[in-house]
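Could you walk me through this model in my viewer? I would like to know what to select next and what I will find there.

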Amino acid sequence: MHTSDWPSGCNRSSFSGHVCNLVKPGGNECKMTNWTKYYTSLLPKFHVTNYDGRTRRHQWCCSDVTFHCANEELCEQWIQVANEQLALLTNRPKSLLVYINPFGGKQCGKRIYEQKVAPMFRRASISADVIVTERANHARDHLKTEANLDKYDGVVCVGGDGMFSEVLHGLVTRIQTDNGVDQNQPDAELVPCSLRIGIIPAGSTDCICFGTVGTNDPVTSALHIIVGDSQPMDVCSVHHDDIFLRYSVSLLGYGFYGDVLTDSERTRWLGPARYDLSGVKTFLSHNYYEGTISFLPAENNMGDPRDKLQCRSGCFLCVDSAGLLSSVHGSSGWSVIRAEFIAINAASMSCACPRSPKGLSPAAHLADGTTDLILVRKCSRLDFLRHLVRHTNKGDQV
């Protein structure tokens, strides 16, 4: 908000922040909801009575600030001008389609949305159509065939990484189908989607939310949605014999991690603990797979696994992703590795989560057009255990 937009009678001050709306609760009080850290000097006839800042790193909280004004007409004018300025912010959503997975994680998705997220959406004057999913791929199928996307500014999923994957597949597939794009063609140029996807974490690991926002706090994610924050992400596709299989934005795993996820699906009733059980079983089995890996090395890429440069909003590498992609397609040729592998992983993001604060690939970028290939060849159980333990610390992962 610019100080030149304030009505006469108010002294100009240094003020920055994300305001939801202004209301007059009673008397000559102006009350506003402030979403982030702000700096303000004391104004004549206005008094700050309450304020809460960020609670910890990356985590936001909602706070109320009340100003007292002796002039009721001036108070009304101040509220009107502030709300008019907020209405001009086109990046903020006004209508959202929300999918809630009531079975993910600790089965708290519906409660999290109703108690923590919905009240904030209402205060921000955001209308929401809510669908509680009843089965696997319910959200995907609804987006592909039934949802009227023209009504909404974005789609929000309340759940874990699986719920995000459902929404991603449904939304991307719908856009390509409406524009006549054949997803089975690996070289097909996909049509970008104008709708943004918001994530309210309520799953077991919440890797995608943690890796993009920096925390798996539902309130923080809701506030990012309200103020219109956005972060582009790489999406990679998987094909087999010219048949489209799936999209991925986080980790493509073959071998160990694929076996863990496959086994964990049999014990979903255990919640997050199923990954521990399946991980131990898969580790003890110590399976390995003979295979051939072919890949195009990324040339002229300024990123490096050891550069400790973590991807953030406005990252200069991701801003120039188009240039990086052109250098990849113009590379000298494919590299081929034949070996016996315990794990074959392609990380399109850090894959950080509370259990792995730095992730499998801490320096992976969110939108640079490349993926980090992590190959674990056949080795002893002890060496592989050392590899797994490194993911849980905050030191060098390489």
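Predicted model: local features only at pLDDT ≥ 70, side-chain atom pairs only at ≥ 80, totals over all residues.

Residues are numbered from 1 along each chain as its sequence is written, and side-chain values use heavy atoms, leaving out hydrogens and water.

The term means a side-chain nitrogen of Lys or Arg within 4 Å of a carboxyl oxygen of Asp or Glu. Asp-141 is partly exposed too, at 21%. Next, show Arg-140, which meets Asp-141 in a salt bridge of 3.0 Å.

For another pair, pick Glu-340 and Lys-378, joined by a salt bridge at 3.8 Å. By this rule, the count comes to 10 salt bridges.

Then move to the open sheet of four strands, ordered β5-β4-β6-β7 with parallel pairing. Strands pair if DSSP finds at least two bridges between them; helices (H or I, at least four residues) and strands (E, at least two) are DSSP runs, numbered from the N terminus. Colour β5 (127-132) and β7 (196-201) as the edge strands, each pairing on one side only. Between them, select β4 (residues 95-100) and β6 (residues 154-159), which five bridges join. Finish at Ile-100, which stands opposite Val-158 in β6.

Terms used. Buried < 20%, exposed > 50% of the residue type's maximum accessible area, 1.4 Å probe, protein only.
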